[in-house]
Amino acid sequence: MLAVVYGLVTHSRILSGDPGNERMQEIAHAIQQGTSAYLARQYRIIGIIGFVLFVITIFLPGLEFSTAIGFLVGAVLSGACGFIGMNVSVRANVRTAQAASNSMQSALDVAFRGGAITGMPVAGLGLLGVAVFYLVLTYFDLSCSRVIISLIVGGLVPCLFGAMAWRRPVVLQELSFSRFAGSSGKLPVL
């Protein structure tokens, strides 16, 4: 629970930082649009695959419905962590660049917190999911080991498919850097 609270507090601190000048904000907004388009496409595919696996898990002989629910909860928590982490990381980048104009230490501080926002909630939500699911299962006298394993496997699905998506080239047609690049084809120095 502390990791989730740390993530919320750090998220607020990062977003309260200086986002830089108008040009930096324009570039950051374009990157956020591209990231959002990429995540929407990736999570749509992961959602379809996850739903198919969820339905298959429901109808597999020898598995209880709670096993399928464990898979679903794990996948949703993992997907939420990835979505939150990516969005905060993208927003932290422009604030890191602005902080670097003040000092290297402040830039490193913002960059570290921006990266920690991905790691801490993953660990926190994972542990919280396992703990809450365990309490619910023991309250209803249900078998725990198989369901907890399905929760973990569900959490791996977005990670596995997300990792495969990063290994192939991604073209974001919604985002064009040509408006920033000018005739040289290089991004300007801010």
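The following legends describe close-up views of a predicted model.

**View A. Packing of helix 2 against helix 3.** Two packed helices are described by the angle between their axes and the distance between the axes. In this view the axes of helix 2 and helix 3 cross at roughly 170° and come within 11 Å. Because angles over 145 degrees count as roughly antiparallel, helix 2 and helix 3 are described as roughly antiparallel to each other. The residues of the contact of helix 2 with helix 3 comprise 18 nonpolar, 10 polar and 1 charged.

View B. T35 is part of helix 2. The relative accessibility of T35 is 11%, so this residue counts as buried, the cut-off being under 20%. When neighbours within four places in sequence are left aside, T35 is in contact with M86 and V90.

View C. S66 belongs to helix 3, which spans residues 65-100. With a relative accessible area of 12%, S66 is buried. Apart from neighbours within four places in sequence, the residues in contact with S66 are F133, L137, L142 and V147.

View D. Side chains of opposite charge can pair when their charged atoms come close. A search of the whole structure finds 2 salt bridges, and one of them links R23 with E26. The closest N and O atoms of this pair are 3.6 Å apart. Both R23 and E26 lie in helix 2, which covers residues 22-59. The two positions are 3 residues apart, about one turn of the helix. R23 has a relative accessibility of 30% and therefore counts as partly exposed. E26, at 36% relative accessibility, also counts as partly exposed.

**View E. The salt bridge between R113 and D109 in helix 4.** R113 forms a salt bridge with D109, and the closest N and O atoms of the two residues are 2.6 Å apart. Helix 4 runs over residues 104-139 and contains both partners. Because R113 and D109 are 4 residues apart in this helix, about one helical turn separates them. The accessibilities of the two partners fall in separate classes, with buried meaning under 20%, exposed over 50%, and partly exposed in between. R113 has a relative accessibility of 11% and so counts as buried, whereas D109, at 33% relative accessibility, counts as partly exposed.

Technical notes:
Residues numbered from 1 in each chain as written. Predicted model: local features only at pLDDT ≥ 70, side-chain atom pairs only at ≥ 80, totals over all residues. Heavy atoms only, no water. Buried < 20%, exposed > 50% of the residue type's maximum accessible area, 1.4 Å probe, protein only. Contact = heavy atoms within 4.5 Å. Salt bridge = Lys/Arg side-chain N within 4 Å of Asp/Glu carboxyl O. Axes fitted to C-alpha atoms, helices over the stretch in contact; angles between N-to-C directions. Parallel < 35°, antiparallel > 145°, perpendicular 65-115°, else oblique. Nonpolar A, V, L, I, M, F, W, Y, C, P; charged D, E, K, R; others polar.
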